[in-house]
Amino acid sequence: MIRRREPVPFAFVAEADRFRSNVTPPPRERASFGQLAGRWLLGLTVVAGLVGSLVIGMPALSADQPSQQQQQSQASDGR
């Protein structure tokens, strides 16, 4: 009895590089003015949020040296 060789299940992957389609995809639809404006607005909002958080957070990140004068509170005066 002659055994027939069964192809591997994913043999079509090996043949995919030889396959050429003669069907071209349709051209991409251009975005409308409203969509473009919305994308720009969203991008500007994200950038403004990042810049604002950086500006607000910079004082907390700065390594200021404490001043030489010791400030004493009224409670430490012993009054």
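**Notebook: helix 2 and its surface**

I checked helix 2 first: its 29 residues reach 41 Å from first C-alpha to last, close to the 42 Å expected at 1.5 Å a residue. The expected span is 1.5 Å times one less than the number of residues. The model is predicted, and local features need pLDDT of at least 70. Residues are numbered from 1 along each chain.

I looked for a bend in helix 2 and found about 30° at valine 55, with proline 59 following within four residues. I took the bend as the angle between axes fitted to the seven residues ending there and the seven starting there.

I counted two helices and zero strands in the chain. Helices are DSSP runs (H or I) of at least four residues, strands (E) of at least two, numbered from the N terminus.

I then looked up leucine 44, which lies in helix 2 (residues 33-61). Leucine 44 counts as exposed because its relative accessibility is 55%; exposed means over 50%, buried under 20%, partly exposed in between (1.4 Å probe, protein chains only). Of the chain's 79 residues, 0% count as buried.

Conventions: This is a predicted model: local features need pLDDT of at least 70, side-chain atom pairs count only at pLDDT 80 or more; totals for chains, interfaces and linings use all residues. Side-chain values use heavy atoms; hydrogens and water are left out.
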